[in-house]
Amino acid sequence: MRFPAEPFKIKVVESIKMTTLEERVKFLEEAGNNLFSIPADTIFVDLLTDSGTSAMSDRQWAGMMTGDEAYAGSRSFYRFEETIKSITGFKHVIPTHQGRVAENLLFSLIANENTVIPSNSHFDTTRANIEFHKGTALDLVIDEAYQPELELPFKGNMDLKKLEAVITQYGKERIPVCMLTITNNSGGGQPVSMENIRSVSSLLKSVGIPLFLDACRFAENAYFIKTREKGYENKSIMEIANEMFSYADGCTMSAKKDGLVNIGGFLALNDTELSRRITNYLILIEGFPTYGGLAGRDLEAISIGIMEALDENYLAYRTNQVKYLADLLTGAGISVIRPAGGHAVYIDARKFYPNIKPEEFPGQALVVELYKQFGIRGVEVGSLMFGKKDEATGKEILPRLDLVRLAIPRRVYTTMHMNYVAEGLIELFTHRDSVRGLKIVYEAPVLRHFTARLERI
Ligand code: P70
């Protein structure tokens, strides 16, 4: 299939600086080879995250001017509420300033040391919010999700047998909610099929456990259902989204992804009593229920952006831009998670640098080279992010995979930028034997990847 051209014209531009190799070497030295400590305006193509990095449309910017900043009863809230209800059908809509606050609100009220919360794969902040309240977060994605190069249309699906076993083992009393992350970010941005959402929902209904969607990338998921699942090819994205949400009892949402905004989120649900308790807590930590930590103009931007994200031409361009980059890399012999996810390309760094041992951080070595040589920023999702030092032996306990994620911001970079990224990676791949691994010289006791300092071995 040909790559669909960008379905927009560019009205405002932001220039990006080109730095020299010498400058980037100096920045890396100062940052201890940690890309989280590099000044962002020294980066040419920034693929650290697709979260909060979207370009807003002219209509969204116009909407910002009409935002109603009333503390209570803002017109912008009523529009926001109506928009979210038209997509999700949930009775109560609670605005938050980003996704993890929706998670915090929900799990503060329902998680404790006895609770077990299954998901296909919990995102880090979801897991952290559950574990902060001493609950247990379980990942029950299908086994095929762990085979990076296996091509399957819905590698984000929940394994129903595993879910059944968990319900039998712990009992429904200990499971206040089950989650489904759509698309499955931790598993490579892979979608969940409608058939799977329906089956998970009906299994949960039969025992009385509510289902909540982590809906950050619901529009990309809906587009994959339309293009990959039988019976949905003639349905609109809105109809597909409506059906997806109809099987759930609520959702958490970071609008920084498929809301096409730079900040915002919400929690939406049907349970009136729970919604009341959450709203009371919202007033304590976030704000009054008709703004919840956002300005009226932010609510306007979400109302407009989330509808734009349902546009099929936009979604075709969006998902194909990610696929385009993945295909260029695959064509050059670079191993990436297949099929391409909805928002990011994930490179298998152990295969990219087979001469670098996993305990010497092949993913981080790749991220460092990519910035040093080409000014491109990706993020390591592997031994540095998830590995731990064994207290007793001093050895590294390693995760299953070392990946480098290239997350594509929405409507920000052109196809030429994708070519530039691919050419850079292919050149690094050609000279892969000359690169050595890294060792940690400073690490914090938790979440070490944000602040660690590393040196070349
Ligand atoms: C990302 C960002 C955020 C996220 C998510 C899912 C499925 C909830 C949230 C939290 C986080 C990130 C990672 C690395 C570098 C920068 C940022 N995902 N659920 O890029 O939402 O951030 O609004 O609190 O993916 O994947 P929020």
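## Helices α12 and α16

In α12, Gln321, Tyr324, Leu325, Leu328 and Leu329 meet Thr415, Met418, Asn419, Val421, Ala422, Leu425 and Ile426 of α16. Contact means heavy atoms within 4.5 Å. Of the residues in this contact, 9 are nonpolar, 3 are polar and none is charged. Ala, Val, Leu, Ile, Met, Phe, Trp, Tyr, Cys and Pro count as nonpolar; Asp, Glu, Lys and Arg count as charged; the others, Gly among them, count as polar.

This is a predicted model, in which local features need pLDDT of at least 70 and side-chain atom pairs count only at pLDDT 80 or more, while totals for chains, interfaces and linings use all residues. Residues are numbered from 1 along each chain as its sequence is written, and side-chain values use heavy atoms, with hydrogens and water left out.

Two packed helices are described by the angle between their axes and the distance between the axes. The axes of α12 (residues 312-331) and α16 (residues 415-430) come within 9 Å and cross at roughly 25 degrees. Axes are lines fitted to C-alpha atoms, for helices over the stretch in contact, and angles run from 0 to 180 degrees between N-to-C directions. The two helices are therefore roughly parallel. Angles under 35 degrees count as roughly parallel, over 145 as roughly antiparallel, 65 to 115 as roughly perpendicular and the rest as oblique. Helices (H or I, at least four residues) and strands (E, at least two) are DSSP runs, numbered from the N terminus.

## Helices α2 and α11

Helix α2 (residues 58-65) and helix α11 (residues 296-308) have axes that come within 8 Å and cross at roughly 155 degrees. That makes α2 roughly antiparallel to α11. Arg59, Gln60, Gly63 and Met64 of α2 make the contact with Arg297, Asp298, Glu300, Ala301, Ile304, Gly305 and Glu308 of α11. By class, this contact has 3 nonpolar, 3 polar and 5 charged residues.

## The open sheet

An open sheet of 5 strands runs in the order β2-β8-β7-β6-β5, with mixed pairing. Strands pair if DSSP finds at least two bridges between them. β2 (92-96) and β5 (178-181) are at the edges with a single partner strand each, so one side of each has no neighbour in the sheet.

β2 and β8 (residues 265-269) run antiparallel, joined by 5 bridges. Threonine 96 has glycine 265 in β8 as its bridge partner. Helix α10 (residues 272-285) lies across β2 and β8, at about 20 degrees to β2.

## Two domains

The domain assignment gives domain 1 (21-50 + 311-456) and domain 2 (58-308). Such bounds come from an automatic or database assignment. The C-alpha centres of the two domains lie 27 Å apart. In domain 1, 27 residues are in contact with 28 residues of domain 2.
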